[in-house]
Amino acid sequence: MTAAVTPARIDARGDFQRWRRRSRLVRRLRVILPALIGLILLAMLGFVLQTTLMGRDTARQEADAPIELVNPRFVGKDDKGRAFVLTAASAVRDENDYQRVLLDRPALILDAEGVNPTRVTAKSGVYNEDRRMLNLEGGVKMSGGDVTFETISSIFNTATGELEGQGQISGASQLGEITAKSYGVYDKGERLVFKGGVRGRIDSK
């Protein structure tokens with residue numbers, strides 16, 4: 001004769017199995033949760049380090065980048081107190097020589113406070129602060145009063161207020177036309193000097 005399994009024994013065995021499953025789950029969670037926390041902390045630390053290093057690189061690149069001025073305007077006077085104004089589309093200081101300022105589409109106005117100021121424009125220019133010299137290059141155009149001239153390059157001395165240029169120059173006024181190989185503008189534009197192969201045509205009225 002065999003003994004019958006009572007409901008009380010079946011419930012005790014079921015409770016034991018459930019306790020064992022919960023116990024195994026708790027042991028796994030005790031390993032998995034700290035590991036997840038560790039991974040999250042490592043990921044956060046890596047993100048902070050990457051952001052810090054990238055920020056330093058970006059800041060270093062920005063610090064090394066040349067400073068560019070948009071639509072700069074320089075106002076000055078020569079040694080005789082005559083005012084001039086220099087503007088440009090943009091200005092960038094030379095990385096290799098901080099005394100040089102590179103200008104895009106510069107425009108120079110001589111005797112800016114006078115009755116007949118002279119205006120000179122070019123495609124590009126370089127201003128040397130230590131020598132106080134402005135070099136204008138490419139499509140240099142000069143106009144003042146009823147006179148207009150075109151040439152390749154010109155040099156303006158901000159100390160003396162004199163404008164000079166080498167290369168073929170051609171101009172026109174109410175009196176006629178003139179061509180030469182070099183020129184100079186002196187005395188606030190009142191005196192123009194042409195040299196080298198000077199040819200002119202005077203219109204009679």
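Helices (H or I, at least four residues) and strands (E, at least two) are taken here as DSSP runs, numbered from the N terminus. The model is a predicted one, so local features need pLDDT of at least 70 and side-chain atom pairs count only at pLDDT 80 or more, while totals for chains, interfaces and linings use all residues. Residues are numbered from 1 along each chain as its sequence is written, and side-chain values use heavy atoms, with hydrogens and water left out.

On that basis the protein chain comes out with 1 helix and 14 strands. Of its 205 residues, 26% are buried, where buried means under 20% relative accessible area, exposed over 50%, and partly exposed in between (1.4 Å probe, protein chains only). The chain exposes about 14,600 Å², with carbon and sulfur atoms supplying 56% of that; areas come from the Shrake-Rupley method with a 1.4 Å probe, and for residues only the protein chains shown count as cover. Among contacts (heavy atoms within 4.5 Å) with a separation of 6 or more, 31% join residues 24 or more positions apart.

Now to the helix. Leu36 sits in helix α1 (residues 7-64) and counts as partly exposed because its relative accessibility is 44%. Leu36 also belongs to a nonpolar surface patch with Leu25, Leu29, Val31, Ile32, Leu33, Leu39 and Leu42, and together they have about 770 Å² of accessible area. Such patches take residues with over 30% relative accessible area and no salt bridge, joining like charges within 9 Å and nonpolar side chains (Val, Leu, Ile, Met, Phe, Trp, Tyr) within 5 Å; a salt bridge is a side-chain nitrogen of Lys or Arg within 4 Å of a carboxyl oxygen of Asp or Glu. An unreviewed UniProt entry puts a transmembrane region at residues 29-49, a stretch that is 100% helix and 0% strand, with its end C-alpha atoms 30 Å apart.

Beyond four places in sequence, Leu134 touches Leu86, Leu103, Leu108, Val126, Tyr127, Ser154, Ile155 and Phe156.

Ser182 lies in strand β12 (residues 176-186) and counts as buried because its relative accessibility is 10%.

Key: UniProt positions renumbered as here; feature names shortened; annotations may be inferred.
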